[in-house]
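Dear colleague,

I am passing on the structure below, together with a summary of what came out of going through it. Please read the notes alongside the coordinates.

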Amino acid sequence: MTAVLDTAPAAVLAPTPRRVMLRRARSHVGLLVGGAVVLFVLLVALLAPWIAPYGPYQQDLLKRLADPVWAAGGSWAHPLGTDALGRDLLSRMIWGARISLTIAIVASVIAATIGTLIGLVGGYFGGRVDAVATWLINVKLALPIILIALAVIAIVSPSVTLLVLILGFLTWDRYALVTRSLTQQMKHREFVLAAEAAGASSLYVMLREILPNLRDQIIVLVTLEVAILILIEAALSFLGLGVPPPIPSWGSIIADGRGLMFYKPFLMVVPGLAIFVLVTAINLFGDGIRDVTAPEGRA
Amino acid sequence: MSRTRWGMAAAAALAAGWGLAATPASAGRANDTLNIVEILPLGSLDMYYAGYPQTEFMSDMLFDALVDYDPGTKSIVPLLAKSWKVTPGAIDFELRDDVTWHDGQKFTADDVVYTLGWLIDPASRYRFKFNWAWIKKVEKTGPYSVRVETNGQRPYDLLRLTLAPMFPKHVRGVLADTTEFGKHPVGTGPYKLVSFNEATNRLVVVKNPAYKWGGTTKAAHIGRVMMSTIPDMGAQVSALLAGKADLFRNLPADQAEALAKDPRFTFSVNPSIGTTYMWFDAAGRSGNKAIANPKVRQALAMAVDRGALAKIMSANQNVEQPKNLCWPDRIIGCAFTKTEPGYHPAEAKKLLAEAGYPNGFSVHITAYVGRLSQLAEAVAGYFAQIGVKATVEPVTVTTYTKKSLAGQIEMTVAGYTLGGLPDVSQQVTFFVSAADYSGDPELKKLGAAMDAEMDPEKRLKISSQFYDRIADDVYITPLTAMPHVITHLSDLDINSHSASGYGVGISDIKWK
Amino acid sequence: MRRFILRRLLVSLLVILTVSVVGFSLLRLSGNLAAVLAGEGATPADIAKVAHEYGLDQPLYLQYVDWVLGLLRGDLGKSLFSGDSVAHLIATRIGVTLTLATFSLVLGLVIAIPLGVVAATRPNSWLDRGALMLAVFGQAIPGFWFGLILIYVFGIMLKWLPISGADNWREFVLPTIALGVSIMPSIMRLTRAGMIEVLSSDYIRAARAAGLAPLSILFKHALRNAILPVVSVAAVQFGLLLGGSVIIESVFAMNGIGLLAYQAIGNADFPVVQAILIFVSVGYVVLTFLAELINARLDPRIRL
């Protein structure tokens with residue numbers, strides 16, 4: 001969402017030998033630390049059914065608002081305490097990671113598909129086709145994401161599927177901008193001209209010649225967009241129009257804890273910190289991939 | 001450098017000016033000012049256009065109806081009318097002749113004819129118009145007497161008039177757009193308007209020195225009352241902590257209990273005439289086939305632990321829990337023999353299997369935002385135990401109504417306080433006439449019969465059939481009591497027995 | 001130049017037109033408007049009557065044209081919830097939102113630009129790394145959560161500042177910080193990148209060789225050039241802040257258009273939502289257009 005210029009396309013690169021990239025990766029602190037945290041959260045999300053001590057909906061209304069283990073009244077039975085319905089916060093966090101990550105990743109893939117397609121077609125054909133692409137991108141940029149998402153979700157009624165779709169359809173602009181300008185630069189390169197001279201169809205050139213060369217950039221973008229989507233999803237769930245309760249997401253857990261922040265601040269602090277750490281890690285990781293694959297493109 | 005300093009000086013000057021311009025919220029016992037904070041905006045003070053609890057509370061201060069309901073004696077008492085005579089087909093009112101509007105004009109029969117006439121005028125457009133369809137005609141029979149002709153006769157006609165504030169013909173009647181009246185209200189009530197700022201949603205009223213027609217039900221104890229909107233519960237609590245609010249409702253009971261550990265604050269619990277409930281789409285309007293199956297509904301009714309759910313609504317307060325939808329001792333015309341089925345998850349699972357859903361099904365629970373959606377979430381938690389996948393959609397009252405009318409609701413976890421009107425007819429209207437999800441013509445017939453029966457004994461008999469039928473077919477099943485939890489300064493004394501849909505009436509609040 | 005401006009103007013108008021179609025469809029998709037207007041307990045005949053009165057029985061494109069003509073006259077319709085004119089509702093609330101967005105932008109710039117400049121003077125030093133880390137943090141912190149933490153720390157624990165409302169300047173402090181942090185990273189990175197580029201350019205080297213004071217070089221010569229793109233991005237950011245205020249205004253209970261939109265969504269009051277959507281979108285388009293004009297003026301190479 002923040003400045004589009006952040007990820008302004010770097011000069012198109014010649015493919016870097018794998019070994020050089022690996023060497024660079026191994027000495028990149030941000031990539032390693034970020035990657036480790038991301039991997040950890042991914043594992044937790046994947047293994048949720050086996051590692052969560054309780055079910056996400058398992059409640060005990062007689063054990064509401066138990067303190068976390070570090071507080072005076074806490075116990076290891078509920079290391080992070082329980083929420084207003086007596087549900088184990090640790091388990092909700094673990095299941096929440098699964099939900100939040102799934103939504104962000106699937107939505108990013110949808111957005112990447114839409115955005116890349118628009119950028120590729122606009123950039124390759126130019127002229128009127130590009131005018132349409134530019135128009136679509138400009139319209140998209142002018143629409144306030146949170147407001148539209150809130151309104152549509154309120155009309156249709158919240159569900160995880162809807163959330164994924166709407167986020168996917170509202171966050172493709174960066175992919176389109178980046179692919180469009182990269183394609184514009186690339187369509188005059190020799191390998192593209194050669195393919196065209198050999199009689200390859202436009203579709204073939206776009207998908208087989210240009211797209212593979214955009215892979216690195218798109219991967220970096222997907223990573224960074226996942227971070228942004230986690231934040232948007234959290235905000236929507238926080239406002240009560242994201243993931244429908246009782247399904248846990250980190251944003252909705254903050255919303256649940258908000259009313260109790262004066263008495264039980266941990267209910268709101270823990271999920272917020274989790275989002276903060278994960279998003280930081282994803283950004284470090286994404287920046288790291290960019291540095292490794294395209295060192296001269298560093299902002 | 002010098003430029004920077006100039007800039008800072010200018011900023012400081014701006015800031016100082018701004019600080020002075022904003023009037024500090026002077027509240028508290030010292031200046032006899034009560035500062036009430038609401039979560040929803042007031043919008044309008046015209047009850048007919050904005051029939052919300054917070055409007056009702058304010059309306060009650062600014063306006064009077066012809067008659068009033070006294071929850072203490074459970075009877076109708078005089079207000080603007082000093083006496084009345086009820087006959088089949090008409091009610092004749094003798095009005096007080098010493099009542100004045102806040103602008104000094106006299107209150108007369110013309111005002112009554114105007115207000116009730118407007119309610120039934122085909123050209124008037126407002127919410128809940130069907131509530132007044134029983135009035136056939138209103139005519140002046142003298143300068144201070146009025147005859148209200150009715151379509152037939154119902155046991156609660158007079159009671160309903162307690163919720164009809166009288167409006168001045170010389171003010172509201174001359175407006176081109178009657179919705180304007182709700183922003184500059186002129187009434188006869190114990191308080192009169194000082195200011196109502198729409199943008200900030202801040203309302204200020206002061207005691208009406210001329211007021212002497214209120215009796216005990218509308219006594220005013222506090223000199224000045226302010227109401228403002230803070231649309232977030234957390235922010236409401238912080239306003240209380242910061243001394244910017246003296247009283248608010250809506251705070252969940254366990255938060256109120258936590259807050260009351262601070263000696264400056266306490267809370268009062270009004271048992272209320274309402275209950276919370278699960279209301280199922282038995283008619284299959286929403287398309288959820290499972291819910292249309294009575295066995296499934298029975299299973300769901302047995303899947304929840306009502307005793308534990310009561311903790312959400314009442315925390316550790318000892319509040320009596322309902323056995324069926326209505327309260328025999330609090331609501332006129334309430335009777336039943338069948339009660340809620342209790343908590344039997346194993347049996348519930350068996351019933352589900354019998355109904356053809358051994359692995360459960362999915363259901364969408366619509367719930368009001370706030371503590372009721374928390375209740376719904378807990379219900380969803382119990383459903384999960386018997387394999388039913390439920391998601392909760394928290395909505396505002398307006399959205400709820402819209403969805404309900406459109407037949408889009410699979411099931412509701414909600415609460416209803418009968419709009420503060422302690423008569424079963426309110427539940428008939430709410431659950432059967434306004435939005436029918438039972439699809440049961442017999443239930444409709446029983447409701448209509450109960451509405452029309454003038455003999456109290458016979459009415460109770462029909463009532464018993466009505467509520468038993470609801471329990472047998474599990475159209476609606478009660479969950480918990482719905483106490484109003486009023487969080488306030490320890491300095492305040494709240495007599496919390498009013499029937500008001502708001503949770504407390506203005507005459508119930510005074511300084512200790 | 002003139003052709004460029006005309007072209008951009010045309011694109012902007014086209015975008016605004018499209019946004020208006022999106023807004024229009026949003027309201028129509030929100031449900032049967034006539035039934036909502038007719039109120040509860042209305043008969044089908046009542047609804048048909050209302051539909052006729054409001055022109056809702058006309059073909060959709062005619063309704064759209066009518067509605068756009070209304071927009072051009074400043075008629076944004078009426079709130080379904082309170083019956084107030086939407087234009088009036090927005091007018092009474094817009095001040096808070098504009099003030100908050102301005103304060104946040106200023107705060108973001110005041111922190112980000114010096115930080116970017118300092119970081120650029122010593123690339124890869126600990127100072128630079130620290131600044132970049134700060135940017136990474138600023139990007140990763142959920143604004144609403146940061147707002148709650150600010151409320152907890154400064155409002156509840158320390159009791160220094162009020163935590164809700166928008167009636168005086170003190171109430172703007174915490175929300176400004178919460179919102180300002182979100183725009184700080186991008187401006188910081190941009191300033192830094194621009195400064196690094198300018199500082200390595202020939203004319204700065206020449207200035208250095210001529211023996212000008214380093215500070216003077218930094219601020220008078222380098223920053224002036226590096227800041228140009230920042231100005232245009234700041235304009236765009238301001239547009240984004242208007243849309244982003246929904247969350248912060250609800251956290252701090254500020255009566256701006258963001259909170260108005262949020263409440264209107266809750267109340268299914270879609271004429272209000274629609275108007276705010278169009279207002280924010282048009283604001284964004286206008287600001288972007290201005291930013292492009294500035295850019296084009298400063299850098300004649302730009303021709304999108």
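B:Asn197 has its bridge partner, B:Arg202, in strand 9 of chain B, and this is part of a pairing in which strand 8 (residues 191–197) and strand 9 (residues 202–207) of chain B run antiparallel and are joined by six bridges. Strand 9 of chain B also pairs with strand 10 (residues 224–229) of chain B, again in the antiparallel sense, over four bridges; within strand 10 of chain B, B:Met226 is the bridge partner of B:Val204. Please keep in mind throughout that this is a predicted model.

The C-alpha trace of chain C spans about 85 × 60 × 25 Å along its principal axes, and of the 304 residues in chain C, 47% are buried. Where contacts in chain C link residues at least 6 apart in sequence, 73% of them join residues that are at least 24 apart.

As for the packing, the largest nonpolar core holds 323 residues, and those that touch the most other members are A:Ala149, A:Leu150, B:Met278, B:Val379, C:Ile187 and C:Ile276. Helix 10 (residues 202–238) of chain A gives this core its largest share, namely 18 residues. There is also a second, separate core of six residues, among them B:Leu40, B:Met47, B:Tyr48 and B:Ala50.

From its first C-alpha to its last, helix 6 of chain A reaches 16 Å, which is close to the 16 Å expected at 1.5 Å a residue. After helix 6 of chain A comes A:Ser157, whose phi is positive, near 90°.

Turning to the interfaces, the contact between chain A and chain C takes 38 residues from chain A and 42 residues from chain C. On the side of chain A that touches chain C, at least two residues are supplied by each of helix 5 (127–142), helix 6 (145–156), helix 10, helix 11 (250–258) and helix 12 (266–293) of chain A, and the largest share, eight residues, comes from helix 12 of chain A. By residue class, that side of chain A divides into 31 nonpolar, five polar and two charged residues.

Chain C also meets chain B, with 27 residues of chain C in contact with 31 residues of chain B. Helix 5 (86–121), helix 7 (143–157) and helix 11 (257–266) of chain C each supply at least two residues of the side of chain C that touches chain B, and the residues of that side divide into ten nonpolar, 14 polar and three charged.

With best regards

Conventions:
Residues numbered from 1 in each chain as written. Chains lettered and ligands numbered in written order. Predicted model: local features only at pLDDT ≥ 70, side-chain atom pairs only at ≥ 80, totals over all residues. Core = buried A, V, L, I, M, F, W, Y, C linked by C-beta atoms within 7 Å. Buried ≥ 20, exposed ≤ 12 C-beta atoms within 10 Å, placed from the backbone. Contact = placed C-beta atoms within 7 Å. Nonpolar A, V, L, I, M, F, W, Y, C, P; charged D, E, K, R; others polar. Expected span 1.5 Å × (residues − 1). Pairing = 2+ DSSP bridges.
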